[in-house]
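Student: I have just opened this structure for the first time. Could you walk me through it with a few questions and answers?

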Amino acid sequence: MSETTGASYAAAGVDIEAGDRAVELMKEWVKKTQRPEVLGGLGGFAGLFDASALKRYERPLLASATDGVGTKVDIARQLGVYDTIGHDLVAMVMDDIVVCGAEPLFMTDYICVGKVHPERVAAIVKGIAEGCVLAGCALVGGETAEHPGLLGADDFDVAGAGTGVVEADRLLGADRIRTGDTVIAMAASGLHSNGYSLVRHVLLDRAGLSLDARIEEFGRTLGEELLEPTKIYSLDCLALTRTTDVHAFSHITGGGLAANLARVIPDGLHAVVDRSTWTPAPVFDLVGRTGEVERLELEKTLNMGVGMIAIVPEESVDVALVTLADRGVDAWVAGEITERGEHTTGADLVGDYAG
């Protein structure tokens, strides 16, 4: 009898056994994220969350968000470091959710690879799980998809979706902001997860820098700086909602500080942020100087050292700063809310950076 020569899934490049192995390796990390409301274990068709936990709310509003990490994943691929990119994913999703005052509840992930390397996939999930712990949410499920022929064997991408809840009368946003409110900036941990197409183009393509090159201003290699995980502010923001009459948050992601802050400023009001209140980290200067990138272009693309904004009434400023300091968050008064003038938009940066 001749051997079978028909087509198979494995011959097409999909390794089901490797996928099963990856699931086994990631189970211990997912378990660390569990909240009491989570039912069942990893491996089902859907993640289950006990919604009866929401009965304590008078009028619970569910908040949802989805995002990815962008081309930062290519830095992880080149360095062969896979256990930090998950922090970035959780930050991008859950720090969007907390902006409205919502408590993060649960998250799911989607990992797309050219070829399943079980240990590599498990390392990615490890980072996502660690990020979920930092955000206070559960990782209730996900999907690992193998796309041979579309992605190279070492290529991958990640995305995620999350859900949170907020009491209707505690919903934060533009309608709470008043003239005279104070803009409090929270320091970023670095580039976070936005603008990497520009960063990679300037530093790697044009300047030809090596990810292994040690950069004196960083005190570490370029690759280590670029792979620094995005800071997760979810629990810090929730702490502010308990200790202060915070009016709004703004997550500083793609588009930069002014554009993201403008998203929460109501018609008729204007946020003024003073650059002289902080010094951007050296990585921002390196990108600007090396690529001859104009300041306004940098500010439209990168966070420039501010990852989250809180807008609070003047009488809450001291308590807000103490609350954040007690949680190890570097924060400062960066500006104020004023009446909008004839030629002003929702938010503007003024002055020059310190240092």
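Predicted model: local features only at pLDDT ≥ 70, side-chain atom pairs only at ≥ 80, totals over all residues.

Student: Thanks! With which residues is Thr-182 in contact, leaving aside its neighbours within four places in sequence?

Tutor: Thr-182 is found in strand S7. This residue is buried, with a relative accessible area of 9%. Once the neighbours within four places in sequence are set aside, its contacts are Ala-310, Ile-311, Val-312, Glu-314, Val-317, Val-333, Gly-335 and Glu-336.

Student: What share of the contacts between residues at least 6 apart in sequence join residues at least 24 apart?

Tutor: For the whole picture, the protein chain has 11 helices and 14 strands. Of its 355 residues, 51% count as buried. Among contacts between residues at least 6 apart in sequence, the share that joins residues at least 24 apart is 85%.

Student: Now for the charges. Which residue forms a salt bridge with Arg-200, and which network does Arg-200 belong to?

Tutor: Side chains of opposite charge can pair when their charged atoms come close. Here the side chains of Arg-200 and Asp-74 meet in a salt bridge, at 3.7 Å from N to O. Arg-200 lies in helix H5 and Asp-74 in helix H2 (residues 72-79), so this pair ties together parts that are 126 residues apart in sequence. Through salt bridges that share partners, one network joins Arg-200 with Asp-74, Arg-77 and Asp-155.

Student: In that pair, is Asp-74 buried or exposed?

Tutor: Buried means under 20% relative accessible area. Arg-200, at 21%, counts as partly exposed. Asp-74 has a relative accessibility of 17%, so Asp-74 counts as buried.

Student: What is the distance between the closest N and O atoms of Asp-236 and Arg-327?

Tutor: Asp-236 counts as buried at 5% relative accessibility, while Arg-327 counts as partly exposed at 38%. Asp-236 lies in helix H7 (residues 234-243) and Arg-327 in the loop between helix H11 (317-326) and S13, so the pair ties together parts that are 91 residues apart in sequence. The two form a salt bridge, and their closest N and O atoms are separated by 2.6 Å.

Student: One last thing: how many salt bridges are there?

Tutor: Another example is the salt bridge in which the side chains of Glu-225 and Arg-220 meet, at 3.0 Å from N to O. Glu-225 counts as buried at 8% relative accessibility, and Arg-220 counts as partly exposed at 22%. The count of salt bridges comes to 16.

Key:
Residues numbered from 1 in each chain as written. Heavy atoms only, no water. Helix = DSSP H or I, 4+ residues; strand = E, 2+ residues; numbered from the N terminus. Buried < 20%, exposed > 50% of the residue type's maximum accessible area, 1.4 Å probe, protein only. Contact = heavy atoms within 4.5 Å. Salt bridge = Lys/Arg side-chain N within 4 Å of Asp/Glu carboxyl O.
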